[in-house]
Amino acid sequence: MQINELDASMASDFSDLAKRKHIGQQIKTLREAAGMTQAQLAEELDFMSNGKPNGSHIGKIEAGYQKANRRFILATERVVLKRLNPNDDSVSALSRDSDSP
């Protein structure tokens, strides 16, 4: 691998990290707006470790150390919207629409 290729590869890695951190910050902002802890969100999303909510998994995503896939983002959005609007039936319609291909 040449230096130019290495520079391009590193720039791509930094770009990916910046994107993951940006998405993670948005997830954190949504979670906090809903008044939820990382452990509460983990429990709602069924992220369990040894039978307990794995809030550290959420923390890694929020910090950008772990990638948040589309399914995670949509599920988080659904949980947060339901928490913010408990009587709004359109929240469940939103999640049904998001699950369709």
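User: Which side chains meet in a salt bridge here?

Analyst: Start with the general idea: side chains of opposite charge can pair when their charged atoms come close. In this predicted model, Arg31 and Glu62 form such a salt bridge, at 2.6 Å from N to O. The count by this rule is one.

User: Which parts does the pair tie together?

Analyst: Arg31 belongs to helix H1 (residues 3–33) and Glu62 to helix H3, so the bridge links parts 31 residues apart in sequence.

User: Is Arg31 buried or exposed? And Glu62, buried or exposed?

Analyst: Arg31 is buried, because its relative accessible area is 6%, under the 20% cut-off. Glu62 has 8%, so it is buried by that cut-off too.

User: Now the aromatic rings. How many aromatic pairs does the count give?

Analyst: The general idea: a pair of aromatic rings is described by the distance of the centres and the angle of the planes. Here the count is one aromatic pair. Phe47 and Phe72 are stacked, with 5.7 Å between centres and 15° between planes. Phe47 sits in the loop between H2 and strand S1 (48–49), and Phe72 in helix H4, so the pair joins parts 25 residues apart in sequence.

User: What else does Phe72 touch, leaving out residues up to four places away in sequence?

Analyst: Besides Phe47, Phe72 touches Ile27, Leu45, Ile58 and Ile61.

User: Which residues of the largest nonpolar core touch the most other members?

Analyst: In general, nonpolar side chains tend to be buried together in soluble globular proteins. This core has 13 residues, and Leu41, Leu45, Ile58 and Phe72 touch the most other members. Helices H2 (38–44), H3 (55–63) and H4 (70–84) each give two or more residues. H4 gives the most, with four.

User: Where is confidence lowest, and where is it highest?

Analyst: The general rule: where pLDDT is low, the predicted coordinates should not be read in detail. For this protein the mean pLDDT is 80, and 73% of residues reach 70 or more. Helix H5 (residues 90–99) is lowest, with a mean of 46, while H2 is highest, at 95. Residues 6–10 fall below 50, and this stretch has one contact beyond near neighbours in sequence. Residues 92–101 stay under 50 as well, with five contacts beyond four places in sequence.

Key. Residues are numbered from 1 along each chain as its sequence is written. Side-chain values use heavy atoms; hydrogens and water are left out. A nonpolar core is a set of buried Ala, Val, Leu, Ile, Met, Phe, Trp, Tyr and Cys residues joined through side-chain atoms within 4.5 Å. Buried means under 20% relative accessible area, exposed over 50%, partly exposed in between (1.4 Å probe, protein chains only). Contact means heavy atoms within 4.5 Å. Rings of Phe, Tyr and Trp (its six-membered ring) pair if their centres lie within 6.5 Å; planes under 30 degrees apart count as stacked, over 60 as edge-to-face and the rest as tilted. A salt bridge is a side-chain nitrogen of Lys or Arg within 4 Å of a carboxyl oxygen of Asp or Glu. pLDDT is the predictor's confidence in each residue, from 0 to 100.
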